[in-house]
Amino acid sequence: MAICDMCGNDYPRSMTITIGGEKNSGGVFDSFECAIAALAPRCGHCRCRIIGHGVESGCNIFCCAHCARAAGHDGLVDQAGHTDGGSGQWKVFDDSREGVVE
Ligand SMILES: [Zn+2]
Ligand SMILES: [Zn+2]
C-alpha cells in the first residue's frame, strides 16, 4: 500500500515514478491521471498537458511543432518531407500480424 502524492489515496496498486533515474524526482501515484496532473509539463504556448514526448527547443517544451513556432521557435515541423502538404492519407501502423505477407 502506498499513498498517492497527488490525491492522498492509499491504493495497493500504486506506482512510483522517477525522472531521469533521480531519487525523489517523481513521486508515488495511484493512477496515471494523478501522475500526469503532478508531473506532466505544460506546453509553452497553449498550456495543455504534454503526455507524449512533446517537442523541445532549448529549455522550452511544446505539445507540437505548431505551438513551438507560435512561440517563436522556428525550425520544428510535425511533418517532414511533404512539400505538397501531405496526401491526406495516414499510413496505419497496425500491431497485429494478421495478413502480413513476408
Ligand atoms: Zn491519486
Ligand atoms: Zn501546445
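**Entry 1: surroundings of cysteine 43**

I listed the contacts of cysteine 43, setting aside neighbours within four places in sequence, and found Cys48, Ile50, Ile61, Phe62, Cys63 and Cys67. I took contact to mean heavy atoms within 4.5 Å. The model is predicted, so I note that local features need pLDDT of at least 70, side-chain atom pairs count only at pLDDT 80 or more, and totals for chains, interfaces and linings use all residues. Residues are numbered from 1 along each chain as its sequence is written, chains are lettered from A and ligands numbered from 1 in the order in which they are written, and side-chain values use heavy atoms, with hydrogens and water left out.

I then looked up the burial of cysteine 43: its relative accessible area is 0%, so it is buried. The scale I used calls a residue buried under 20% relative accessible area, exposed over 50%, and partly exposed in between, with a 1.4 Å probe and protein chains only. Cys43 also belongs to the largest nonpolar core, whose six residues are Cys43, Ile50, Phe62, Cys64, Cys67 and Ala68. Such a core is a set of buried Ala, Val, Leu, Ile, Met, Phe, Trp, Tyr and Cys residues joined through side-chain atoms within 4.5 Å. I recall that in soluble globular proteins nonpolar side chains tend to be buried together.

**Entry 2: zinc ion (ligand 2)**

I found the SG atoms of Cys43, Cys46, Cys63 and Cys67 coordinating the zinc ion (ligand 2) at 2.3 to 2.4 Å. Donors here are N, O and S atoms within 2.8 Å of the metal (3.2 Å for Na, K and Ca); water is not among the atoms, so sites may look incomplete. The angles at this ion run from 105 to 114°, and the arrangement is therefore tetrahedral. For four donors that label requires all angles to lie between 85 and 135 degrees. I recorded the sequence spacing of the donor residues as C-x2-C-x16-C-x3-C. Cysteine 46 is partly exposed, because its relative accessibility is 39%.

**Entry 3: zinc ion (ligand 1)**

For the zinc ion (ligand 1) I noted Cys4 (SG), Cys7 (SG), Asp30 (OD) and Cys34 (SG) as the coordinating atoms, at 2.1 to 2.3 Å. Their angles of 95 to 124° make this arrangement tetrahedral. The donor spacing reads C-x2-C-x22-D-x3-C. Cysteine 4 sits in the loop between strand 1 (2-3) and strand 2 (10-11), and cysteine 34 in helix 1 (residues 32-39), so the pair ties together parts that are 30 residues apart in sequence. Helices (H or I, at least four residues) and strands (E, at least two) are DSSP runs, numbered from the N terminus.

Cysteine 4 is buried at 3%, cysteine 34 is buried at 12%, and cysteine 7 is partly exposed at 46%.

**Entry 4: glutamate 33**

I located glutamate 33 in helix 1. Its relative accessible area of 66% makes it exposed. Its C-alpha atom is 9.5 Å from that of methionine 6, a residue 27 positions away along the chain.

**Entry 5: the chain overall**

I counted two helices and six strands in the protein chain, in the order β-β-β-β-α-β-β-α from the N terminus. Of its 102 residues, 17% are buried. My search for disulfides (cysteine sulfur atoms paired within 2.5 Å) returned zero.

Notes: Tetrahedral: all angles 85-135°; square planar, octahedral: opposite > 155°, others 65-115°.
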